[in-house]
Amino acid sequence: MSLVPAPSAAVAAVTSSPVRVPTVRPADQPGDDAFIEELQALAFGPGRFARTAFRIRERLPIDKSLSLVAEVNGTPCGSVWMTPISIGGLNGYMLGPLATHPGFRKLGAGKLLAREVTRRALERGEGKFVMLVGDRDYYCPLGWEPTTPGNIEFPGPVDPTRVLLFAEDKSLAATLSGPIAAWQQG
């Protein structure tokens, strides 16, 4: 049985209610792992395993305490993960994948997930930035900034113009450099 609602069921669930505001919760309920896996398959297809970001998450495990699910009226509709990383000896996080079910798009669930997971991660005070590979038009209005192309070294090909950074220190996007590595202890 699929945990990802069929597009028609998802649209019906959203449009049948006058309240269509997404909320966010930790991804810790039974069925969340299966929902997230099916949602990522739907959103990114089988090619997701070949992406450079997937290679990073293969080597460096996600932080399950920063795995979030968006819901509309109790129906899961989106998810986001965070992976602790280090770049140039500075600890931070890599956001992604971020996915929203097609039947729930344009309600703000994706932006809510991005903002909330970033807030939660940085409030811990352990990491100094949140990095992602994504569309400038989507993420820059939320506070992400382009990095200096080529400064951040990925374990595979990435469009350097899509590497974005969110940090309280606004100079970090221009200066952060080095290979993506495991979280630095100590």
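In which strand does Pro97 lie? Pro97 lies in strand E4 (residues 90-100); strands (E, at least two residues) and helices (H or I, at least four) are DSSP runs, numbered from the N terminus. The model is predicted, so local features need pLDDT of at least 70 and side-chain atom pairs count only at pLDDT 80 or more, while totals for chains, interfaces and linings use all residues. Residues are numbered from 1 along each chain as its sequence is written, and side-chain values use heavy atoms, without hydrogens and water.

View 1. The bond from Gly96 to Pro97 is cis, with omega near 0°.

View 2. Asn73, in the loop between strand E2 (68-72) and strand E3 (75-87), has phi near 50° although it is not a glycine. Lys106 sits in the loop between E4 and helix H4 (109-123), and its phi is also positive, about 75°. Asn73 is partly exposed because its relative accessibility is 41%, whereas Lys106, at 84%, is exposed (buried, under 20% relative accessible area; exposed, over 50%; partly exposed, in between; 1.4 Å probe, protein chains only).

**View 3. Lining of the largest pocket.** Lining it are 39 residues, with Phe44, Pro97, Leu98, Ala99 and Tyr139 nearest the centre (a pocket is an open set of points on a 1 Å grid over the protein atoms alone where a 1.4 Å probe fits, with protein on both sides within 12 Å along at least five of seven lines; lining residues have an atom within 4 Å of a point). E4 contributes the most to this lining, seven residues.
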